[in-house]
Amino acid sequence: MSESKDGAPRARSLSARFWSKVDKRGPDECWLWMAARARNGYGRVGVAQAVRLAHRVAYGLLIGPIPVGLTLDHFRMNPGPRNAPCSRACVNPAHLEPVTQGENVLRGNGLFAREARQTQCRRGHPFDEKNTYVRKNGMRNCRECRRLDACLRRSFVRVQGAAA
């Protein structure tokens, strides 16, 4: 902190405080947050008596406000053609993209995202419009597998009935 003319301490600007805690490398490289981090690895910074995620603050400082209804995706963390190693501690706005929460989830590696990317069922049948049944909860089922499972159940019941 510097001092004002009357000798009282003067707080540094948010920008100065923030960037002093960033290992800022080249424009295409990760800029790592070097201060406090949450357990999940995201940087944390105090702003106006509240704790904020560092990558969101960096985006606000360099790009502007995050559009309403969108969240920031560390798109370089995710699989696909844009894949490159990136840390949750990265605050480089070039590695961040505003997307809907749904898009962010689907780009991730969680169970829902992995299942949504599947193009065929566990037996190899295609998940296409003709062969896919979508349940009320959004989960997909293979129609061919459902048909085969029903046949197996019926034949099992017949065998059980004949044995009795």
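Colleague: How far from the ring centre of tyrosine 133 is the charged end of arginine 146?
Modeller: In this predicted model, local features need pLDDT of at least 70 and side-chain atom pairs count only at pLDDT 80 or more, while totals for chains, interfaces and linings use all residues. Residues are numbered from 1 along each chain as its sequence is written, and side-chain values use heavy atoms, leaving out hydrogens and water. A charge sits over a ring if NZ of Lys or CZ of Arg is within 6 Å of the ring centre and within 35 degrees of the ring normal. Arginine 146 sits over tyrosine 133 in this way, and the distance is 4.4 Å.

Colleague: Over which ring does the charged end of arginine 140 sit?
Modeller: Its distance from that ring's centre is 4.2 Å. The ring belongs to phenylalanine 127.

Colleague: What is the angle between the planes of tryptophan 19 and tryptophan 31?
Modeller: Rings of Phe, Tyr and Trp (its six-membered ring) pair if their centres lie within 6.5 Å, and planes under 30 degrees apart are stacked, over 60 edge-to-face, the rest tilted. These two tryptophans are 6.0 Å apart, centre to centre, and edge-to-face. The angle is 80°.

Colleague: Are tryptophan 19 and tryptophan 31 buried or exposed?
Modeller: Buried means under 20% relative accessible area, exposed over 50%, and partly exposed in between (1.4 Å probe, protein chains only). Both tryptophan 19 and tryptophan 31 come out as buried.

Colleague: Which residues do ring pairs link into a cluster?
Modeller: The count comes to 3 aromatic pairs. The cluster they link is Phe18, Trp19, Trp31 and Trp33.
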